[in-house]
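Dear colleague,

I am passing on the structure we talked about, with my notes placed below it.

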Amino acid sequence: MAAADTELLGRHPLLCRLGPEQLERFAQAGELELFQPDEEIVVAGSLGDALYLLLAGSATVHTAEGGPPLATLGAGEFFGEMSLIEPARRSATVRAAELCEVFRVPHFALTNLLQDDPAAMTWVLVSVVKALSQRLRQTNRLVGSVQELAEFLAGSLV
């Protein structure tokens, strides 16, 4: 595990509006990790104690039961954002689909960053909320489609 390059971190959408000093603090708060294809990055049911920024590669998100991927994440995306609020059990497993370079920021470091530089972390938090809002919209559309299909199938059985 190594320290992350601030230039590399500065290209991530969650951090792109931070200044050099803020990026340096962020870089010192976490660590760079590499994952091989099919290697689990986080596991459903384990303690969600860190935010992960996907810097390179892609990863798949799976339910605790396994099965087909729920989503595919690419460079510039993130996961583990619930750890910004509180450490809790992970709801999904994230597995590297190819060689992945991720930046892991532990919950305690995020809390320290928020206390040390609220303005910088406000931008990060707003970006996370926007992404969560988009994910929720996608989920709502999917649930609506499944509901329509269920109603259609129920009607065709009558």
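Does F26 count as buried or exposed, and at what relative accessibility? Bear in mind that this is a predicted model. F26 has a relative accessibility of 2%, and because buried means under 20%, F26 counts as buried.

Aromatic pairs

The structure holds 2 aromatic pairs. In one of them F26 is paired with F103 in a tilted arrangement, with 6.3 Å from centre to centre and 35 degrees between the planes. Since F26 belongs to helix α2 and F103 to strand β10 (residues 100–106), this pair ties together parts that lie 77 residues apart in sequence. F103 has a relative accessibility of 0% and therefore counts as buried.

Y52 and F79 also form a pair, and here the ring centres are 5.0 Å apart while the planes meet at 5 degrees, so the pair is stacked. With Y52 in strand β4 (residues 50–56) and F79 in strand β7 (residues 78–79), the contact ties together parts that are 27 residues apart in sequence. Y52 counts as buried at 5% relative accessibility, and F79 likewise counts as buried at 6%.

The cavity

F26 turns up again in the lining of the largest cavity, together with L18, Q22, R25, L113, D117, A120 and M121. The elements that contribute two or more residues to this lining are α2 (20–29) and α4 (118–157), and α2 gives the most, with 3 residues.

An open sheet is formed by 4 strands, which follow the order β2-β9-β5-β6 with antiparallel pairing. Its edge strands are β2 (40–42) and β6 (66–74), each of which pairs on one side only, and from one strand to the next the twist averages 35 degrees. Within this sheet, strand β5 (residues 58–63) runs antiparallel to β6 and is joined to β6 by 5 bridges; T63 stands opposite G66 in β6.

With best wishes

Definitions and conventions
Residues numbered from 1 in each chain as written. Predicted model: local features only at pLDDT ≥ 70, side-chain atom pairs only at ≥ 80, totals over all residues. Heavy atoms only, no water. Pairing = 2+ DSSP bridges. Axes fitted to C-alpha atoms, helices over the stretch in contact; angles between N-to-C directions. 1 Å grid on protein atoms, 1.4 Å probe; cavity = no way out; pocket = protein on both sides within 12 Å on 5 of 7 lines; lining within 4 Å. Phe/Tyr/Trp six-rings, centres within 6.5 Å; stacked < 30°, edge-to-face > 60°. Buried < 20%, exposed > 50% of the residue type's maximum accessible area, 1.4 Å probe, protein only.
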